[in-house]
Amino acid sequence: WDGWYGKFERSQDIGDYFGYKLNENGRVVAYGKDPSDYLTDVLAEKAVTFIQSTSKQPMFLYFAPYAPHAEGAPDGPPTPAPRHKGTLAHMTAPRPPSFNEADVSDKPSHIQKRPLLNAEQIGELDHEYRTSVESLLAVDEAVERIIKALADRGELANSYIFFMSDNGYLLGQHRRPRGKGVAYEESIHVPLVARGPGVPAGQSV
């Protein structure tokens with residue numbers, strides 16, 4: 001690696017998106033709780049700086065924002081950037097047929113034993129979904145900045161970009177309040193999008 005910037009410690013009194021520490025090429029740098037310290041934005045700035053400062057040679061950038069992971073706990077709501085907080089307050093978690101599934105008689109026993117989700121639990125899921133998509137607005141902006149940096153350097157047409165996730169996530173499907181550790185489509189299905197030289201536009205494989 002020519003450049004390495006990775007979060008490795010969170011502040012117990014602030015969290016993961018603010019008050020964290022980065023390993024910046026072996027040097028520990030602490031960040032505070034100002035809006036400019038929002039983790040996704042800090043990583044985006046470092047990614048853009050890397051593109052802008054790399055000399056004319058092949059380069060590889062791995063950009064992995066923490067959003068929309070939960071704040072502190074393994075599962076739960078993340079923290080959106082202050083500028084995005086509450087902007088999608090009208091949204092609710094998707095309600096596919098598997099959401100709070102009424103008939104689970106064809107499911108394994110550990111699913112059959114789960115009660116239906118109540119109104120309070122569903123409200124919590126809606127809140128988690130809203131904060132998740134709000135946290136991804138900063139990721140959208142980061143992707144836009146990275147693509148613009150490549151375009152400004154004249155490298156966009158010569159660059160492959162791969163977009164993917166590490167796992168799916170359940171929000172009320174099959175009566176499970178949240179999580180990813182089950183072999184259901186919502187948990188195991190992840191996107192993989194590619195663009196670049198020779199990649200046909202709009203093709204799904």
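User: Leaving aside neighbours within four places in sequence, which residues is Ser 98 in contact with?

Analyst: This is a predicted model, in which local features need pLDDT of at least 70, side-chain atom pairs count only at pLDDT 80 or more, and totals for chains, interfaces and linings use all residues. Residues are numbered from 1 along each chain as its sequence is written, and side-chain values use heavy atoms, with hydrogens and water left out. Contact means heavy atoms within 4.5 Å. Leaving aside neighbours within four places in sequence, the partners of Ser 98 are Gly 172, Gln 173, His 174, Arg 175 and Glu 186.

User: Is Ser 98 buried or exposed?

Analyst: Ser 98 is found in the loop between helix 1 and helix 2; helices (H or I, at least four residues) and strands (E, at least two) are DSSP runs, numbered from the N terminus. Buried means under 20% relative accessible area, exposed over 50%, and partly exposed in between (1.4 Å probe, protein chains only). Because its relative accessible area is 10%, Ser 98 is buried.

User: Which residues does Ala 102 contact, leaving aside its neighbours within four places in sequence?

Analyst: Ala 102 also has its place in the loop between helix 1 and helix 2. Its relative accessibility is 68%, so Ala 102 counts as exposed. Leaving aside neighbours within four places in sequence, Ala 102 is in contact with Leu 116 and Arg 175.

User: What separates the C-alpha atoms of His 69 and Asn 167?

Analyst: His 69 is found in the loop between helix 1 and helix 2, and counts as partly exposed because its relative accessibility is 32%. Not counting residues up to four places away in sequence, His 69 touches Tyr 17, Pro 78 and Asp 166. His 69 and Asn 167 are 98 residues apart along the chain, and their C-alpha atoms are separated by 11 Å.

User: What is the omega of the peptide bond from Ala 67 to Pro 68?

Analyst: Most peptide bonds are trans. Pro 68 is found in the loop between helix 1 and helix 2. The bond from Ala 67 to Pro 68 is cis, with omega near 10°.

User: What is the phi of Asn 100?

Analyst: Most residues other than glycine have a negative phi. Asn 25, in the loop between strand 2 and strand 3 (27-30), has a positive phi near 55°. Asn 100 is found in the loop between helix 1 and helix 2 and is buried, with a relative accessible area of 15%. The phi of Asn 100 is positive as well, near 45°.

User: What covers the buried residues of helix 1?

Analyst: The expected span of a helix is 1.5 Å times one less than its number of residues. For the 15 residues of helix 1 (residues 39-53) this gives 21 Å, which agrees with end C-alpha atoms 21 Å apart. The buried residues of helix 1 include Leu 39, Val 42, Leu 43 and Ile 51. Their cover includes strand 1 (5-9), strand 2 (21-24) and helix 3 (119-152).

User: How many residues make up the largest nonpolar core?

Analyst: A nonpolar core is a set of buried Ala, Val, Leu, Ile, Met, Phe, Trp, Tyr and Cys residues joined through side-chain atoms within 4.5 Å. Ala 93 touches Leu 125, Asp 126 and Tyr 129, not counting residues up to four places away in sequence. The largest nonpolar core, with Ala 93, Leu 125 and Tyr 129 among its members, has 9 residues.
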